[in-house]
Amino acid sequence: MARVKGRRDATTARFDRHAYYERAVQDPENDAAMLAKLFRRYRTRVPMRLREDFCGTATLSAHWARAQPGRTAIGVDLDGATLEWGRKHHLPGVEARVELVQGNVLDGEGAKADIGCAMNFSYSVFKTREALRKYFEVARSMLVKDGVFVLDAWGGWGSMKPERERKRVGNFYYEWEQVRFDPLTNEILCHIHFELAGGIRMDRAFTYDWRLWTVQELRELLLEAGFSKVHALWERTDADGDDTGVFYEPRRIDNQEKWWTYVVAER
Ligand SMILES: C[S@@+](CC[C@H](N)C(=O)[O-])C[C@H]1O[C@@H](n2cnc3c(N)ncnc32)[C@H](O)[C@@H]1O
């Protein structure tokens with residue numbers, strides 16, 4: 001549960017944790033374009049229907065639909081209040097083409113999609129191979145015949161130590177805290193905190209009790225769940241070591257302190 005410290009009445013109104021989360025963590029316009037690009041990499045047609053599992057406020061679904069007439073999306077999340085926030089802030093104008101379902105991604109509700117995704121490592125709530133394989137089986141069953149499923153993954157030795165990263169985002173600070181990592185189970189506990197001007201803090205705005213999955217585990221489980229091919233991608237860097245936004249499929253890669261990447265599975 002989030003805790004707001006400081007002048008309580010004024011602050012609670014100023015702290016809209018979804019708005020701060022979206023500004024600090026998400027880039028839905030770019031993500032929607034990237035999903036379409038990844039689909040086109042493995043298929044010769046254009047994807048029209050997106051399934052966004054663990055959609056939260058469904059900003060990605062809304063951006064997907066808004067980017068092109070005729071596109072549709074379905075967003076699935078357990079949390080009714082979060083979906084309601086998304087409905088109010090993102091759906092006006094595209095409500096006829098974006099369906100939000102309050103439910104468990106394991107239940108596989110709604111029509112099949114061209115492209116499915118589980119972004120920001122949300123699948124990490126499944127902590128056993130059996131649970132994650134089951135989720136991947138459902139995700140596969142919710143795709144059309146030539147459908148494609150996209151995940152992101154993160155890791156590196158810097159993900160396995162207690163630390164607090166702080167970055168300025170416009171007029172506030174975003175903090176990512178890794179509280180603990182258990183080397184025996186790969187369970188990881190993280191929080192997101194925000195701080196506004198004047199030092200007013202919202203501690204534990206979001207908490208993630210996850211298993212840190214390796215790309216190889218994801219690859220194996222996606223194949224066990226029935227996907228025909230799995231592509232573990234990596235971002236190319238330029239001569240200065242800066243990210244280029246271009247992804248390729250290397251056979252091997254050297255570990256880094258912190259990395260994130262895409263894993264793409266063909267139905
Ligand atoms: C890390 S947020 C991801 C939000 C968004 N997808 C993003 O990219 O930032 C995780 C979301 O997953 C939802 N969630 C957790 N377990 C779920 C489940 N089994 N089925 C559906 N949603 C779930 C939570 O309610 C939360 O909104």
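Me: What is the handedness of the crossing of α3 and α4?
Reply: In this predicted model, the crossing of α3 and α4 is right-handed.

Me: Which residues make that contact?
Reply: From α3 you have Pro28, Glu29, Asp31, Ala32, Leu35 and Ala36, and from α4 there are Thr59, Leu60, His63 and Trp64. Sorted by class, that gives six nonpolar, two polar and two charged residues.

Me: How do you know how the axes of α3 and α4 cross?
Reply: The axes of helix α3 (residues 28-42) and helix α4 (residues 59-67) come within 8 Å and cross at roughly 65°. Angles of 65 to 115 degrees count as roughly perpendicular, so α3 is roughly perpendicular to α4.

Me: And what makes α2 roughly perpendicular to α5?
Reply: Helix α2 (residues 17-25) packs against helix α5 (residues 80-90) at about 70°, their axes being 11 Å apart. The range for roughly perpendicular is 65 to 115 degrees, so the label goes to α2 and α5. His18, Ala19 and Glu22 of α2 meet Thr82, Trp85 and His90 of α5. That contact divides into two nonpolar, three polar and one charged.

Me: Why is Gln178 called buried?
Reply: Gln178 has a relative accessible area of 3%, and buried means under 20%, so Gln178 counts as buried. This residue belongs to strand β8 (residues 172-181). Leaving out residues up to four places away in sequence, its contacts include Trp154, Met160, Leu189 and Lys258.

Me: What makes the approach of Gln178 to Ser159 a polar contact?
Reply: The side chain of Gln178 reaches the backbone oxygen of Ser159 at 3.4 Å, and the cut-off is within 3.5 Å.

Definitions and conventions:
Residues are numbered from 1 along each chain as its sequence is written. This is a predicted model: local features need pLDDT of at least 70, side-chain atom pairs count only at pLDDT 80 or more; totals for chains, interfaces and linings use all residues. Side-chain values use heavy atoms; hydrogens and water are left out. Helices (H or I, at least four residues) and strands (E, at least two) are DSSP runs, numbered from the N terminus. Buried means under 20% relative accessible area, exposed over 50%, partly exposed in between (1.4 Å probe, protein chains only). A polar contact is a pair of N or O atoms within 3.5 Å; within protein, one must be able to donate a hydrogen and the other to accept it, and residues adjacent in sequence count only if both atoms are side-chain atoms. Contact means heavy atoms within 4.5 Å. Axes are lines fitted to C-alpha atoms, for helices over the stretch in contact, and angles run from 0 to 180 degrees between N-to-C directions. Angles under 35 degrees count as roughly parallel, over 145 as roughly antiparallel, 65 to 115 as roughly perpendicular and the rest as oblique. A crossing is left-handed if the near helix is turned anticlockwise from the far one by less than a right angle, and right-handed if clockwise. Ala, Val, Leu, Ile, Met, Phe, Trp, Tyr, Cys and Pro count as nonpolar, Asp, Glu, Lys and Arg as charged, and the others, Gly among them, as polar.
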